[in-house]
Amino acid sequence: MQLLPSSSSSNPNPILFSSSQNPIHLSKSTLHLIPHCSSAHSTTTVFFTNERASKRQHHVSSPESVLVVRRPESAVSAGNEDSLNLRAMINAGTPKITVKSGSSSQALYKAKVLIRSNRFAEAEEILQKCIFYWPEDGRAYVVLGKTLIKQSKTMEARLVYEKGSQATHGKNPFIWRCWAVLEKTLGNIRRARELFEAATVVDKRHIAAWHGWADLELKQGNIRKARCILARALKFCGGNEYVYQTLALLEVKANRIEQARYLFGQATKCNPRSCGSWLAWAQMEMQQKNNRAARQLFEKAIQSSPKNRFAWHVWGVFEANVGNVDKGRKLLKIGHELNPRDPVLLQSLALLEYKHSTANFARVLFRRASEIDPSHQPVWMAWGWMEWKEGNIATARELYQKALSINSSSDTAARCLQAWGVLEQRIGNLSAARILFRSSLNINSQSFITWMTWAAFEEEDQENSVRAEEIRNLYFQQHTLRILEKNGCDYMDDEQNDSGFNWICFLDPSKVDFLLETKNNFYSKNIQEEDYESFDPIEPQTQKVETFGRQFWYGEYCCGRDKKKAVYGGA
């Protein structure tokens, strides 16, 4: 076999010799040998033109999407016309050369870094290119959809997920799950169920889809169906800490403590470093007054995640509740040192200092918390409550107004309006108090405390017991209808009913006792005097230091006194 000549100066067009007379084929790439324009150079430039890449250049509209390969500037002799013509031909043909450098993983990593810096436009541009070059890679669709959701572009995110499911031929469970979460957030429950089911059909071992589906059913009140889904998740995916933890929380809600302890134990066996599982278990023991066991579990939670802000906060609040004020203060301070950007730790510390120290020190802490996160409504609300207790009514109103200006339709806003109504009631502005109570119920019509506060207001301040009883009955009727709807019962309104009843329920016999038990529990509900006296969600009694803290179950937290809100996070 003959080799390439050692020097190309004598032959401007070198030829590659082969033992075969047939041309050499290099898969889908063509080998080009370009002579240099000057005889001073003795090397040969070799480059590959990828036919697949050259075909895609017709679909690229942006010049940035095409990497133009041009010949370096060099000294060219004026008499070498063939070399000049060849160079012009190369430069004219360079737009047809497209080069994909790097990989999809590198591009996705760069996009995620930009997203963390809130540079969404640049990240979207990179993700669109990833989708163009690697349309079969579902990760780009998932990241792009989440980026659009962060910018409240839900319709665009839905289109991205739909396009991704088509591009991957419906075989990517991550796209189905993200799409299902989006539909659940938008309130399209039926559509979300279908998408969660599609994700589990594509991949039966996709634990996040199973857990997200169970979480959806739990929030809809379908406890039995949620249990079935979680059981199927354990069957197909094996032991999983999130599934065991959610099942344990269901047992806690049903007051089956021993079963809950077993399931928490299984969750911690699956992942001994799961801070959420240890913390949820500790909260259950805390509710059962097993303080020694709770402390041991808090210690394990801290050991599994030393910087976890939830663990430090819940443990500190627990110690303050049981009377260990110094230890609770110390734990909250340690948590704040480890998480200086968390406003809730400072907020709880401020409430603790107000109760056991001075209002001036509490004001300093409230101000620091509001500077850390000006959009955190509970900080402003708690601060306003403290100013009210100190007699600074005008300042309290300003702080309540600040909390409402952040978001006037959230659950925190409903609690803020209720607390503001109590303030106006105490100083004698009865008409303003009534308006604030109504505004609170317009946001959250299921708030038992707001309904009972309004009823007490009508009965005690207005001496209108008839109106108070009507308010209580109205709450009970709404609460009953909600229970019936969750249990699959049908009812008719006055226009459909000719029998004279306000509404008729079609119950099976197993649900009659349940309804009567609900009514009895409603009328026998015991409210402590200090709760009934204020009904405001930030009273810093011993049991309410955690009011503006986190009720942490798994991955999320909620602020306020409504302890029915056990948050079931997604996997």
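Residues are numbered from 1 along each chain as its sequence is written, and side-chain values use heavy atoms, with hydrogens and water left out. Because the model is predicted, local features need pLDDT of at least 70 and side-chain atom pairs count only at pLDDT 80 or more, whereas totals for chains, interfaces and linings use all residues.

**View 1. Packing of helix α3 (residues 104-116) against helix α4 (residues 120-133)**. Helices are DSSP runs of H or I of at least four residues, numbered from the N terminus. The α3 and α4 axes lie 8 Å apart at an angle of about 160°, which makes α3 roughly antiparallel to α4 (angles over 145 degrees count as roughly antiparallel, under 35 as roughly parallel). Axes are lines fitted to C-alpha atoms over the stretch in contact, and angles run from 0 to 180 degrees between N-to-C directions. From α3, the contact is made by A107, L108, K110, A111, L114 and I115; from α4, by F120, E122, A123, I126, L127 and C130. Contact means heavy atoms within 4.5 Å. By class, this contact of α3 with α4 has 10 nonpolar, no polar and 2 charged residues (Ala, Val, Leu, Ile, Met, Phe, Trp, Tyr, Cys and Pro count as nonpolar, Asp, Glu, Lys and Arg as charged, and the others, Gly among them, as polar).

**View 2. Packing of helix α15 (residues 309-321) against helix α17 (residues 343-356)**. The axes of α15 and α17 are 10 Å apart, at an angle of about 10°; the two helices are therefore roughly parallel to each other. In α15, R309, H313, V317 and A320 meet V344, L345, S348 and L352 in α17. The contact of α15 with α17 comprises 5 nonpolar, 2 polar and 1 charged residues.

View 3. G316 counts as buried because its relative accessibility is 0% (buried means under 20% relative accessible area, with a 1.4 Å probe and protein chains only). Leaving aside residues up to four places away in sequence, G316 touches G328, L331 and L332. K333 is 17 residues from G316 in sequence, and their C-alpha atoms are 8.9 Å apart.

View 4. The buried residues of α8 are I189, A192, L195, F196, A198, A199 and T200. What covers these buried residues includes α7 (173-186) and α9 (207-219).

Technical notes. Parallel < 35°, antiparallel > 145°, perpendicular 65-115°, else oblique. Buried < 20%, exposed > 50% of the residue type's maximum accessible area, 1.4 Å probe, protein only.
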